[in-house]
Each structure stands twice: as C-alpha cells, then as structure tokens.
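Hello,

Here is the structure we talked about handing over. Please look through it first, then read my notes below.

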Amino acid sequence: MSDTTRNKELVRRFVDAVNARNFVALEEILAPDFHRHCPATPDVEVRSPDDFRRFIESDAAAVPDSRVTLETVVGEGDRVAFWATYSGTQSGQMGPFSPSNRWASLEFAGVFRIDGDRIAHVAVTWDNVSFLSQLGHMPPMPTP
C-alpha cells in the first residue's frame, strides 16, 4: 500500500471514529500534539487529542445526530485534502444559539497533515452564515 493510500485510509478512519464518537480510536489516530485550525471558529482552540475529544463532545451535545460524509478525498505526500458534508439536527445549545430543532447540511473542506501513522494537524473551513441561516439563527441569504 502506498503512503498516499495509507494516509487517505487514515483520514477515512478518523471520520468513522468522529461519527461513532469513538474516542479510543481517535486516541490511536491523533498525534499527541494534534492541532485543529478553523477560521470559521476562531475562538475554538484544539491543540491536543483531549481538546479534540471535548470539541466532539460539545458538538454532539448541540447536534446529537451529526454526521460527516466524505465526498472527495485527495492525497499527496503527507497531506490529504477533502470535501465533505456535515449534517444534523441542532437540538442542544450551540455556543450562543438556543436549540432550533432544525436539520441542516453544510459542505466544508480541509487539509490533514499526516505524521507517520497519525494525524498531526487538520485545517478546515466552511460557511457559518449558510449553516446558521438553515438553523434559523440568521436571516436567509438573498438569492442573486
């Protein structure tokens, strides 16, 4: 198996573990100095596997049925890029936003950096306005 194929499979295992809230598997997949960066959530700091576990627990409390679906996965060297969909129903508090009990779907993208057989870093980005509008927390965007 090539390094690129192995790295892409590691990312798929990561997404499966996130969807299953399998923190034991995530502990095996994430590097001890794992870091998540996201300009859409600048106040959320994830600088360790424990921080990431708390992040996933918080997300699950806000959107218990959340699911990530990988649409496209591309690898080169120690990098794996992806296009994915996040979907679920916001039935819990999400930061300053009260439960809307609405289902929403959000496309997002990112790049993983692999260090050996573990994920060292992920940078992700998405459109917060679109997602919050679907949940009823912002007025809908006008159609051009």
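One term comes first: a residue is buried under 20% relative accessible area, exposed over 50%, and partly exposed in between, using a 1.4 Å probe and protein chains only. The model is predicted, so local features need pLDDT of at least 70 and side-chain atom pairs count only at pLDDT 80 or more, while totals for chains, interfaces and linings use all residues. Residues are numbered from 1 along each chain as its sequence is written, and side-chain values use heavy atoms, with hydrogens and water left out.

Aromatic rings

Start with the rings. A pair of aromatic rings is described by the distance of the centres and the angle of the planes. Rings of Phe, Tyr and Trp (its six-membered ring) pair if their centres lie within 6.5 Å; planes under 30 degrees apart are stacked, over 60 edge-to-face, and the rest tilted. The structure holds eight such aromatic pairs. One of them joins Phe 82 and Phe 108 edge-to-face, with 5.5 Å centre to centre and 75 degrees between the planes. This pair links distant parts of the chain: Phe 82 is in strand 3 (residues 79-89), Phe 108 is in strand 4 (residues 103-115), and they are 26 residues apart. Strands are DSSP runs of E, at least two residues, and helices are runs of H or I, at least four, both numbered from the N terminus.

Are Phe 82 and Phe 108 buried or exposed? Both are buried.

Ring pairs also build a cluster from Phe 14, Phe 34, Phe 52, Phe 55, Phe 82, Phe 108, Phe 112 and Trp 126. Phe 55 has a charge over its ring as well: the charged end of Arg 36 sits there, 4.2 Å from the ring centre. (The test is NZ of Lys or CZ of Arg within 6 Å of the ring centre and within 35 degrees of the ring normal.)

Salt bridges

A salt bridge is a side-chain nitrogen of Lys or Arg within 4 Å of a carboxyl oxygen of Asp or Glu. The whole structure has five. Three of them follow, with N to O distances.

- Arg 47 and Glu 45 meet at 3.3 Å. Arg 47 is exposed at 51%, and Glu 45 is exposed at 56%.
- Glu 57 and Arg 53 meet at 3.1 Å. Both lie in helix 3 (residues 49-62), four residues apart, about one turn of the helix. Glu 57 is partly exposed at 35%, as is Arg 53 at 26%.
- Arg 79 and Asp 78 meet at 3.1 Å. Arg 79 is partly exposed at 41%, and Asp 78 is partly exposed at 33%.

Best wishes
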